[in-house]
Amino acid sequence: MRILFAASEAYPFASTGGLAGVTGSLPKALADAGHDVSIIMPLYRDIEKVKDFRWISGEFSTSAGEKFGLAESVIPGTGIPAYFVSKDEYFHRPGIYGPDDSSAFDDNAVRFSFFCRAAVAFHENLRKPPDIIHCHDWQTGLIPAYMRNSIRPAVVFTIHNMHFQGNFPPEEYGSTYLPRSLFTMTGLEFFGTFSFIKSGIVYADQITTVSRTYVDEIQKPEFGESLDGLLREHSTDLTGIVNGIDYDAWNPETDGTLAASYKADSISPRRKCRRELMKTHNLNAGSGELIAGVVSRLTRQKGLDLLFPIIGRLAERGVRFVILGTGDEFYMERLSALALEHPGSISVNLRYDETMARRIFSGCDIILMPSRFEPCGLAQMMGMRYGAVPLVNSTGGLADTVIDEQDSGFGFVMNRADPEELNRCILRADVLHRQRNRWTGLVKKVMKQDNSWNSRVPLYEDVYSRAVIARKAR
Ligand code: GLC
């Protein structure tokens with residue numbers, strides 16, 4: 001099939017988190033299975049510096065008559081074409097969604113509705129038109145609405161996180177160029193606003209989200225973010241496919257940033273990575289202390305505040321923490337304060353740093369993800385690939401990818417997002433970690449789990465086929 005991905009970010013061109021990890025790696029898995037895949041995204045500032053970047057000559061315009069430029073490159077190491085929509089007034093500025101992690105630009109409705117129109121115009125210009133446009137998250141949610149009357153291609157909409165919806169005040173509806181008649185309860189209207197994500201859900205031929213458990217969760221009020229009712233109505237067109245990770249890009253056997261290379265059958269060199277991590281972060285630990293790693297956005301979703309009441313106790317007991325990530329001011333301040341209070345026990349690194357992430361995955365004993373909700377989660381899979389035993393809350397993709405060691409699995413699973421429950425699981429890990437042979441067995445088992453994209457591809461192929469059938473039936 002010919003598949004065009006549309007997304008607001010893709011690794012390595014622009015990334016704020018898991019979305020880019022998926023849009024930057026799933027295309028390759030689909031291409032390896034014989035599909036013809038490309039991706040379109042906005043041209044943010046600095047993307048022009050990527051390798052093989054070139055401008056496409058010609059003038060392009062949307063159905064609303066807006067002119068834009070087009071450029072192309074390839075997703076590095078894949079040969080997959082990446083196309084970029086250039087419009088300086090919207091995208092040539094620092095930041096993707098806002099000037100910093102916790103604020104949004106006030107013209108996001110204009111910026112991303114324009115991007116959606118440009119993506120539609122782009123696909124119409126292709127010599128070989130796609131069979132599928134695969135849209136990701138709210139920023140692309142208007143594409144299904146713009147395509148609602150087309151005969152082809154079919155449109156698939158993937159929800160990476162229900163929490164981010166792209167809801168805007170009615171005064172800005174004009175920027176969508178959609179008819180007033182769609183601003184209703186059965187269309188884009190959502191509690192008086194208009195909603196990009198709702199548009200995606202209502203008008204796509206098939207909807208997917210990024211794990212099986214999350215499919216069930218978002219149809220309940222607790223996780224549905226007020227769209228659970230609508231999702232229940234669309235449940236027959238809604239599929240959960242657990243994300244994968246790129247097993248070539250995340251491979252401790254070939255990863256040049258690590259202190260040593262290793263694989264599931266010979267994990268002893270991993271000890272060197274562990275020692276290196278302790279040294280870099282000035283952790284006061286020997287081989288006996290449990291080292292817990294965190295690589296995460298620092299937001300309420302991720303549940304790191306559950307650590308606050310217990311981390312002092314754990315540090316005294318000898319548990320060590322290496323935390324990497326950025327996010328909300330509140331978390332950054334609290335974590336920095338904790339690091340100051342517990343030198344040698346807690347290292348806090350407030351930035352996004354891929355090399356450091358790799359070194360944490362390769363050196364820590366457990367990777368912590370106590371998320372309150374987690375559509376899929378990628379760090380637990382990356383950590384596992386590198387031999388870090390996952391400790392997760394039982395929600396969304398974390399529930400789908402981690403089985404508790406007490407249930408003949410390989411990780412530690414919390415029953416609820418609660419500090420004492422987290423404490424209980426960390427203590428369990430600490431006790432098991434002292435039993436060398438059992439722990440080694442656990443690490444090997446963790447590394448043998450298959451979270452590569454390959455196993456997920458047939459599931460997407462199924463969804464694409466169903467989307468094509470649904471589109472024909474319109
Ligand atoms: C979002 C979700 C995360 C998921 C990622 C990729 O960032 O919060 O759980 O893994 O998207 O789908």
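Colleague: How are H16 and H17 oriented to each other?

Modeller: This is a predicted model. Helix H16 spans residues 419-433 and helix H17 residues 436-447, and their axes are 7 Å apart. The angle at which they pack is about 115 degrees. Angles of 65 to 115 degrees count as roughly perpendicular, so H16 and H17 are roughly perpendicular.

Colleague: Which residues in H17 do Ala429, Leu432 and His433 meet?

Modeller: The residues of this contact divide into two charged, one polar and four nonpolar. Ala429, Leu432 and His433 belong to H16. Their partners in H17 are Arg436, Arg438, Trp439 and Leu442.

Colleague: How many residues surround the ligand, and which are the closest?

Modeller: The shell around the ligand divides into six nonpolar, six polar and two charged residues. The number of surrounding residues is 14, and the closest are His160, Asn243, Glu374, Cys376 and Gly377.

Colleague: What distances separate oxygen atoms of the ligand from histidine 160, asparagine 243 and glycine 377?

Modeller: For glycine 377 the atom concerned is a polar backbone atom, 2.7 Å from a ligand oxygen. For asparagine 243 an N or O atom of the side chain lies 2.8 Å from a ligand oxygen. Histidine 160 also uses its side chain, and the distance from its polar atom to a ligand oxygen is 2.6 Å.

Colleague: How much of the ligand's accessible area does the protein cover?

Modeller: On its own, the ligand has 310 Å² of accessible area.

Colleague: What is phi of phenylalanine 191?

Modeller: Most residues other than glycine have a negative phi. Phenylalanine 191, in the loop between strands S9 and S10, has a positive value, near 45 degrees.

How values were computed:
Residues are numbered from 1 along each chain as its sequence is written. This is a predicted model: local features need pLDDT of at least 70, side-chain atom pairs count only at pLDDT 80 or more; totals for chains, interfaces and linings use all residues. Side-chain values use heavy atoms; hydrogens and water are left out. Axes are lines fitted to C-alpha atoms, for helices over the stretch in contact, and angles run from 0 to 180 degrees between N-to-C directions. Helices (H or I, at least four residues) and strands (E, at least two) are DSSP runs, numbered from the N terminus. Angles under 35 degrees count as roughly parallel, over 145 as roughly antiparallel, 65 to 115 as roughly perpendicular and the rest as oblique. Contact means heavy atoms within 4.5 Å. Ala, Val, Leu, Ile, Met, Phe, Trp, Tyr, Cys and Pro count as nonpolar, Asp, Glu, Lys and Arg as charged, and the others, Gly among them, as polar. A residue is near a molecule or strand if one of its heavy atoms lies within 4 Å of it. A polar contact is a pair of N or O atoms within 3.5 Å; within protein, one must be able to donate a hydrogen and the other to accept it, and residues adjacent in sequence count only if both atoms are side-chain atoms. Accessible areas come from the Shrake-Rupley method with a 1.4 Å probe; for residues, only the protein chains shown count as cover.
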